[in-house]
Amino acid sequence: MPSRNPVYRLLRRNISIPQIAGYALANLVGLAIVLTAIQFYRDVTSVASAEDSFVSSDYLIISKKVKGLGGFMGSTPADTRFTPAEIADISSQPWAAGTGEFTAADFNVAASIDMGGASFSTALFLESIPDEYFDVKPRGWKFRPGQPVPVIISKDYLTLYNFGFATSRGLPQLSEELIGAVPLRLSLSGGGRQEWVDARIAGFSSRLNTIAVPGEFMEWANARFGEPGSAQEDPSRIIIHLRRAGDPEAMAYMDAHGYEIAGDKDAGGKTSYFLSIITGVVITVGIVISLLAFFILLLSIYLLLQKNRAKIHDLMMLGYTPGQISAYYYRLVGGVNLIVLLLGISVMLYASSRWQTPLATLGAEGSSVWPTIATGVILILLITAGNLLAITRSVRKTFRY
């Protein structure tokens, strides 16, 4: 039994409770700060997937500035398009995870809607981008001849209709579900041809300020209705997937080249970037506190071993091994670190519960706490492993006395 072991009795009688308590408290503070900061960042960034998020996602849509009357005075259409060399340069930047080109329709488009006995028609523009850059994934996002063409429009367009055009004209306001069920017909003309095709609004995008169709449809329509012999023009807009939202190097690149960023992605990206910086600073502070706690424990053990150096040497002469001496410290440190882990997780869960209600008002449901808990377990295991290694080395060094 441990109580009958003279080594345990010796070490337990001479252990410094205030020093161990100081280690436990410092380690708890450090671990709680780290776990709380990680969970807060995960919960806040989950707002990015919600509608009308104030935290920008890691996508930018850029274009060139139009000078004067583009195409008439001051600039030509070619001046507002991206050349292959410019696109390659953007793609090669370290902050760019990928780039996608907007492909515009090379033909005339008009849309007609029949609703409630009334008919509405208007000229339209169509664009397509690679599917991986959409923020919505509607079902049936494929072009099949003979079937309605799926269309994704910007949510801003529906808002403008409901609260601008419809209210001023006495027209009914439409929900997303209702307008998705309204039959839509597209008139495609060009290259000496004209054809009507059925279409349907398949989704609404918060990221893209355009009217998008599948790339397969755009290729088919440009080949069929585009001007004969006309080559596909360079894109006038590009969507960029950033490795880190709000990367200042990306923003500096845009300013240096005079590129314009669509919408408020610049401001939103800065919000996300500063949030990541603040979180990183807080986590660093927590790690520093944990490291200080680690050295507090090492100092406590070192002082205890120095205090009992002669007695431990006598025990060694009686046949006790360094492993028997170290075992007591192993159990002590393991028990203290387990308590610290449980208390640190409790602090994180309590803090998380306090900010869930404010985040819910922003449309965020919060993220799972299990990855954060797993992070805490890993950190404690690393700290414990470092503690045990240091204890083993200190005890063996004392035995060589």
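I started at Tyr253 today: its relative accessibility is 9%, so I put it down as buried, the cut-off being under 20%. Worth noting that I am working from a predicted model.

Next I looked up Tyr259, and that residue is buried as well, with a relative accessible area of 8%.

**The sheet**

I traced an open sheet of four strands, and wrote the order down as E2-E11-E1-E12. The pairing is antiparallel. At the edges I found strand E2 (96-101) and strand E12 (259-261), each of which pairs on one side only. From one strand to the next, I have the twist averaging 30°.

I then zoomed in on strand E1, residues 59-64. E1 pairs with E12 in the antiparallel sense, and I noted three bridges for them. Which residue stands opposite Ile62 in E12? I found Ile261 there.

**Helices across the sheet**

Helix H3 (residues 84-91) lies across E1, E2, E11 and E12. I have H3 running at about 150° to E2, and strand E11 itself covers 237-242. Helix H7 (residues 248-257) lies across E1, E11 and E12. For H7, I wrote down a run at about 130° to E12.

**Aromatic rings**

My list of aromatic pairs has eleven entries. I looked at Phe217 and Trp220 from that list: their ring centres are 5.9 Å apart and their planes are at 35°, so I call the pair tilted. Both residues lie in helix H6 (residues 215-225). They are three residues apart there, about one turn of the helix.

Buried or exposed: what about Phe217? I have Phe217 as buried, at a relative accessible area of 0%. Trp220 is partly exposed, with a relative accessible area of 29%.

Back to my two tyrosines: the rings of Tyr253 and Tyr259 have centres 6.4 Å apart and planes at 55°, so this pair is tilted too.

I also noted one aromatic cluster, formed by Phe107, Phe143, Phe217, Trp220 and Phe225.

**Charges over rings**

Last, I looked for charged ends sitting over rings. The charged end of Arg207 sits over the ring of Tyr59, and I have 3.8 Å to the ring centre. Which ring does the charged end of Lys64 sit over? I found Phe82 under Lys64, with the charged end 5.5 Å from the centre of that ring.

Notes: Residues numbered from 1 in each chain as written. Predicted model: local features only at pLDDT ≥ 70, side-chain atom pairs only at ≥ 80, totals over all residues. Heavy atoms only, no water. Pairing = 2+ DSSP bridges. Helix = DSSP H or I, 4+ residues; strand = E, 2+ residues; numbered from the N terminus. Axes fitted to C-alpha atoms, helices over the stretch in contact; angles between N-to-C directions. Contact = heavy atoms within 4.5 Å. Phe/Tyr/Trp six-rings, centres within 6.5 Å; stacked < 30°, edge-to-face > 60°. Buried < 20%, exposed > 50% of the residue type's maximum accessible area, 1.4 Å probe, protein only. Lys NZ or Arg CZ within 6 Å of the ring centre and 35° of its normal.
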